[in-house]
Amino acid sequence: MTARILVVDDVEANVRLLEAKLTIEYYDVLTCTDGATALSLAEAEQPDIILLDVMMPGMDGFETCRRLKADPSTKHIPVVLVTALDGRQDRIKGLEAGADDFVTKPLDDVVLFARVKSLVRLKLVMDELREREESGRRLGVTSDGAGRLRATGGRVLVVDDNPRQAEQIIAELSREHRASVEPDADAARRAATGPLDLMIVNVTAESFDGLRLIAHLRSAEATRSLPILAVVDPDDRARLLKALDLGANDILPRPVDPEELAARARTQVRRKRYADFLRQKLDYSLEMAVTDALTGLHNRRYMAGQLADFVRGSNRGGGSVAVLMIDIDHFKAVNDGFGHDAGDEVLTEFAVRLATNVRAVDLPCRIGGEEFVVVMPDTRLEDALLIADRIRRDVAAAPFRVMGSEHLSVTASVGVAASTGENDTPEALLKRADEGVYEAKSRGRNRVIARAA
């Protein structure tokens with residue numbers, strides 16, 4: 001797994017050494033020697049990870065990281081602080097500045113590459129979500145209705161069989177999050193399928209295998225994206241590396257420091273919320289791509305795909321597929337006489353009456369203007385006629401209220417067709433239904449006409 005890495009250090013020898021180590025591992029490396037240049041390079045080149053030295057003249061690593069995370073164009077890039085400092089206050093300061101991880105000089109190559117690979121995996125997922133959301137935006141499918149990013153405390157499950165340590169973790173997390181503890185791995189696996197924002201796993205537990213739990217969570221579809229914070233002994237290098245390799249998002253050294261725990265948990269919950277936000281926007285964009293924005297019914301694109309599938313199944317011996325083609329009578333007069341806002345109100349109310357008069361398996365769609373289609377799987381022509389007439393009668397039964405006070409009488413003409421099961425096509429089916437609409441209008445409107453093959 002390769003990536004583009006930006007190395008930032010004011011000491012030329014350190015830059016060259018890191019560049020050489022990363023290049024040997026087939027990473028594409030960019031370099032610079034100060035914070036200001038790092039900000040410009042990050043924005044222009046969009047690296048996958050930034051390895052950022054802390055002790056630099058002028059703008060130090062903490063301030064550079066803070067500015068990277070404050071810029072919308074670079075805030076998604078993981079930042080690893082490279083420091084000779086090993087004090088808790090420096091780690092906490094870096095986490096609060098937005099750093100995703102730390103490595104301490106002199107660098108341990110194996111630990112460095114394990115952390116880089118872990119962050120690259122995360123970055124790939126986030127990039128895919130961001131690219132899909134941006135594709136929807138370019139296509140004109142806005143996602144403002146998908147909700148807002150929430151930055152409140154998360155739901156955290158601590159999996160730990162050490163009562164004292166678990167109690168300390170819960171006490172600290174409860175200041176900001178809704179935290180609970182589970183000493184049993186099997187129970188934790190079941191709980192993980194629920195609404196969680198973070199799981200903290202003690203991989204040094206005696207009664208269960210914490211590494212195996214992490215592996216299970218990463219292999220199960222329901223928990224694949226759940227952030228995992230692994231509690232490890234910092235001297236247990238093999239277990240630390242294995243936790244990262246199996247998919248732990250972050251490492252928390254023992255003994256657990258309350259402030260560092262709070263900072264790391266906050267980072268993981270915030271990242272989870274951001275990923276969830278992007279997924280919600282993506283789901284909303286996909287829904288809007290097949291939904292008519294005004295009426296909330298399916299649109300022509302969705303109708304065409306579903307109808308093709310149903311007709312194909314009918315031709316292979318499945319049940320007959322019926323189609324209702326519905327056109328609002330004299331709709332132009334509504335727009336001309338009362339304005340397009342009134343016309344939109346009529347369309348919206350018409351969609352409600354249409355949707356409430358079809359079956360749950362039917363697909364009511366707006367295909368454009370005042371034209372609607374209902375696709376009815378496994379439906380005979382005579383049954384479709386009954387439903388079509390029920391729709392017609394309900395539309396005409398009560399006036400449509402528009403502009404707060406105006407009451408308009410609205411009627412509809414309906415054409416009905418059903419597949420024959422003999423190499424029929426969606427186009428032919430829709431054409432027959434459309435011919436039925438044309439005949440209904442020519443015979444005085446507000447009626448239902450069936451067209452056989």
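User: What angle do helix H12 (residues 331–338) and helix H13 (residues 340–355) make where they pack, and what distance separates their axes?

Analyst: In this predicted model, H12 and H13 pack at about 140°, with axes 6 Å apart. Axes are lines fitted to C-alpha atoms, for helices over the stretch in contact, and angles run from 0 to 180 degrees between N-to-C directions. Because the model is predicted, local features need pLDDT of at least 70 and side-chain atom pairs count only at pLDDT 80 or more, while totals for chains, interfaces and linings use all residues. Residues are numbered from 1 along each chain as its sequence is written, and side-chain values use heavy atoms, with hydrogens and water left out.

User: What is the pair H12 and H13 called on that angle, and why?

Analyst: Under 35 degrees counts as roughly parallel, over 145 as roughly antiparallel, 65 to 115 as roughly perpendicular, and the rest as oblique. At about 140°, H12 is therefore oblique to H13. Both helices are DSSP runs (H or I, at least four residues; strands are E, at least two), numbered from the N terminus.

User: Which residues of H12 and H13 meet, and how do they divide by type?

Analyst: Phe-331, Val-334, Asn-335 and Phe-338 of H12 meet His-340, Ala-342, Gly-343, Val-346 and Leu-347 of H13. They divide into six nonpolar, three polar and no charged residues. Here Ala, Val, Leu, Ile, Met, Phe, Trp, Tyr, Cys and Pro are nonpolar, Asp, Glu, Lys and Arg are charged, and the others, Gly among them, are polar.

User: What term describes H8 and H9 relative to each other, and why?

Analyst: The axes of H8 and helix H9 (residues 237–246) cross at roughly 10° and come within 9 Å. H8 and H9 are therefore roughly parallel. Their contact (heavy atoms within 4.5 Å) involves Leu-211, Ile-214, Ala-215 and Arg-218 of H8 with Arg-239, Lys-242, Ala-243 and Leu-246 of H9. Five of these residues are nonpolar, none is polar and three are charged.

User: Where does Thr-223 lie, and why does it count as buried or exposed?

Analyst: Thr-223 is in the loop between helix H8 (210–219) and strand E9 (228–232). Buried means under 20% relative accessible area, exposed over 50%, and partly exposed in between, with a 1.4 Å probe and protein chains only. Thr-223 has 3% relative accessibility and so counts as buried. Neighbours within four places in sequence aside, Thr-223 is in contact with Ala-192, Thr-193, His-216, Leu-217 and Arg-218.

User: What makes Asp-197 and Lys-272 a salt bridge?

Analyst: The term requires a side-chain nitrogen of Lys or Arg within 4 Å of a carboxyl oxygen of Asp or Glu. The closest N and O atoms of Asp-197 and Lys-272 are 3.6 Å apart, so the pair qualifies. Asp-197 is in the loop between helix H7 (185–191) and strand E8 (198–202), and Lys-272 is in helix H10 (residues 258–289), 75 residues apart. Both Asp-197 and Lys-272 are buried. The structure holds 36 salt bridges.

User: What order do the five strands from E6 to E10 take in their open sheet, and why do E7 and E10 stand at the edges?

Analyst: The order is E7-E6-E8-E9-E10, with parallel pairing. Two strands pair if DSSP finds at least two bridges between them. Strand E7 (178–182) and strand E10 (250–253) each have a single partner strand, so one side of each lacks a neighbour in the sheet. Neighbouring strands are turned by 20° against each other on average, direction ignored.

User: How many bridges join E9 to E10?

Analyst: Four bridges join E9 to E10, and these strands run parallel. Ala-230 stands opposite Ile-251 in E10. H8 lies across E6, E8 and E9, at about 150° to E8.
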